[in-house]
Amino acid sequence: MNNRIRILGVPVDMVNYDEALERFKEFLESEGVSLIVTPNSEIVVNAGKNPQLMEAIEQAEMVIPDGIGLVYASRILKHPLEERVTGIDFLGRGLKHLSETGKSVFLFGSKPGIAEKAGAKMEEAYPGLKIAGTRNGYFKPEEEEDILREINEAAPDLLCVALGSPKQELFVLKYKDRLKAKAAIGVGGSLDVWSGDLKRAPEFYRKHGLEWLYRFIQEPSRYKRMAALPLFMLKVVFSDKSQTECK
């Protein structure tokens, strides 16, 4: 197990991109399904209010620091993370490995048609990648068993769940013992970016940890969600600094 710290009680792995990829490779060769969670500041704050989300993160085999706020927080807590490991960039590296080893991915979530478009773009970017199946994220609770059956029949090496947090993490947690995949990761809006329906922040914003600002410029209606970042930082500043290490 890699070193973990706790940020506002939420465990986060102290991994860089290379270390995260190596652990992902190990998951692909292990029994059962390994859950990978990619928390940002908003998810950490929400986990403090949502016991089920906290349980999903606690049970995850890897928790990568997706948000720049987590990197800043780790410095305040005197356990600095080496770098931010964004979910979408980590996914790209994972897909590249899948393509090189003849393994497959199942894309589940987002609006109708998005997963198919994203899958086509992924195949273009990574020749040799196998898209085991796709399924949109619009369903009723009573359809979950059918979705589980569809995923299991495809038996992907990687399951990408794009239902937004906490729905994506809770779906994997609920069916973790029944999923026939090697790894499962919540990817939020990554499929929308892969499909081309949502433009990713330019490199300048990404390099300086300002993707949240770019998203706000694109979607001003997200202002309530953006408030999670300053709230998160205030909570970190006034948190108990002694409660940062995972035992």
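The questions and answers below concern a predicted model.

Me: Is S99 buried or exposed?
Reply: S99 is placed in helix α5, which covers residues 87-101. A residue counts as buried when its relative accessible area is under 20%. Because the relative accessibility of S99 is 13%, S99 is classed as buried.

Me: Which residue has its backbone oxygen 2.6 Å from a polar atom of the S99 side chain?
Reply: Beyond its neighbours within four places in sequence, S99 is in contact with Y126, P127, G128 and L129. The side chain of S99 also has a polar atom 2.6 Å from a backbone oxygen, and that oxygen belongs to K96.

Me: Why do the buried residues of α7 line one face of the helix?
Reply: The buried residues in helix α7 (residues 144-154) are E144, I147, L148, I151 and N152. In an α-helix there are 3.6 residues a turn, so residues three or four places apart point the same way. Viewed down the axis of α7, the buried residues line one face because they fall within an arc of 130°.

Me: Which elements do the buried residues of α7 pack against?
Reply: The buried residues of α7 include I147 and L148. Their packing partners, together with those of the other buried residues of α7, are β5 (104-109), β6 (130-135), β7 (158-162) and α8 (167-175).

Me: What is the accessible area of the nonpolar surface patch that includes L234?
Reply: L234 belongs to helix α13, residues 228-237. On the surface, L234 forms a nonpolar patch with I76, V237 and F238. Together, these residues have an accessible area of about 400 Å².

How values were computed
Residues numbered from 1 in each chain as written. Predicted model: local features only at pLDDT ≥ 70, side-chain atom pairs only at ≥ 80, totals over all residues. Heavy atoms only, no water. Patch = residues over 30% accessible without salt bridge, like charges linked within 9 Å, V, L, I, M, F, W, Y side chains within 5 Å. Areas by Shrake-Rupley, 256 points an atom, 1.4 Å probe, with all protein chains shown as cover. Salt bridge = Lys/Arg side-chain N within 4 Å of Asp/Glu carboxyl O. Helix = DSSP H or I, 4+ residues; strand = E, 2+ residues; numbered from the N terminus. Buried < 20%, exposed > 50% of the residue type's maximum accessible area, 1.4 Å probe, protein only. Contact = heavy atoms within 4.5 Å. Polar contact = N/O pair within 3.5 Å; in protein donor to acceptor, adjacent residues only side chain to side chain. Arc of directions from axis to C-beta.
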